[in-house]
Amino acid sequence: MTPRGTDWSLALLVALGLGTGLATWFAGSRQSAWVFAAHAALGTALALVLVWKLRRVWPRIAARARWDRRTGLGLAALGLVVCALGSGWLWANGVDGGFGGMSLLGWHVLLGVFLGALVVGHALARARPLRGADVRDRRQFLASSFVAGVAVGAWALQRPVQRALGLHGADRRFTGSYDAGSFEGNDFPVTSWVADRPRPLDESTYRLAVSGEVRRPGSLILADLDRGDELVATLDCTGGFAATQRWRGVRIGRLLDDAGVAPAGAHVRVISHTGYRWSFALADARDLLLATHVGDEPLTHGHGAPCRLVVPGHRGFQWVKWVTHVEVHADADLGAAASTVWSSLTPAGRGE
């Protein structure tokens, strides 16, 4: 590869890796498994192009007398890339570790976001434009084809090799998450997106409000929500665990039928006690479950009691906990994603 071709390839692969990595947060169904495959292949491709880069700059690194300020920055960037790739590789191969209160997957995400921002910023500020020779050169094309072929091949062979070697990585879901507490009631990890830590809600005074574009708004006590509707679904957390459970409660469609959706109603917002919320198209929301039980056990506070949302095929952060409002609106909720951050700053989110 030409020097500029190598540098632009690295920048492009980092940008695509960042984009696919962020996309995995919203990819929870089998139909979106290609996002995870692309992210894995891009990581391998980045490692291969990095070898090309090191072959070119190694003489300058090896000769201490030739070091300057850019050398130190380059070595720091190299260390960042190695740590970002290494943490993801170790996680994918079943290494159970971490430090600083975060798992290897958490560090992989943090380092990946920082690396992506750094590389994109550097490319915008100082990158030299590509020349025709950097794109049309036959050797450049062959090198790129080789990298792509090896990256895809490595992704295809990863699971078979892991199974042959007996590595725990072969047991993970297509999302990269590992099973934890499936079909064991409340005995699966308790996590919250960002830092919601509300106080437990009093079940005797709990009310679920159904309002918005409905003909008969009202509120329901907890007993009204345990109608025996069941759903087997996998909660797949972006933190790296997955738990398949039998959930029990009431389908949202039942509540909407009771309330009578007005003609203008097209979207359903499910809102937590903390202000955390998510929005779904009306047709999709009807099949979702508001769960009061997991297995044969009432939900514990950490898992969203008295009532949490169950959303098959979506990542765990969209399974809203401590639900207190179901609202029907004419438009989608463009502020839902932001609410998952600022909810932790509300008095209820802080537990006041």
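Which side chain makes a polar contact with the side chain of His-293? The partner is Thr-292, at 2.9 Å. A polar contact is a pair of N or O atoms within 3.5 Å; within protein, one must be able to donate a hydrogen and the other to accept it, and residues adjacent in sequence count only if both atoms are side-chain atoms.

This is a predicted model, in which local features need pLDDT of at least 70, side-chain atom pairs count only at pLDDT 80 or more, and totals for chains, interfaces and linings use all residues. Residues are numbered from 1 along each chain as its sequence is written, and side-chain values use heavy atoms, with hydrogens and water left out.

**Around His-293**

His-293 sits in strand β10, residues 289-294. Helices (H or I, at least four residues) and strands (E, at least two) are DSSP runs, numbered from the N terminus. His-293 counts as buried because its relative accessibility is 12%. Buried means under 20% relative accessible area, exposed over 50%, and partly exposed in between (1.4 Å probe, protein chains only). Leaving out residues up to four places away in sequence, His-293 touches Asp-226, Arg-246, Trp-247, Arg-248, Pro-298 and Leu-299. Contact means heavy atoms within 4.5 Å.

**Strand pairs**

Two strands pair if DSSP finds at least two bridges between them.

| Pair | Sense | Bridges | Facing residues |
|---|---|---|---|
| β4 and β5 | antiparallel | three bridges | Ala-209 and Ser-219 |

β6 and β7 form a hairpin, with four residues between them. Gly-240 in the turn has a positive phi of about 110°. Six of the eight residues of β6 are buried, so this strand is largely enclosed by the rest of the structure.

β4 and β5 belong to an open sheet of five strands, in the order β5-β4-β13-β8-β9, with mixed pairing. β5 and β9 stand at the edges with a single partner strand each, so one side of each has no neighbour in the sheet.

**Helix α1**

Helix α1 covers residues 3-23. From first C-alpha to last, α1 reaches 30 Å, close to the 30 Å expected at 1.5 Å a residue. The expected span is 1.5 Å times one less than the number of residues. Buried residues of α1 include Leu-10, Leu-13 and Val-14.

**The whole protein**

The protein has 10 helices and 13 strands. Of its 352 residues, 45% count as buried. The C-alpha trace spans about 75 × 45 × 40 Å along its principal axes.
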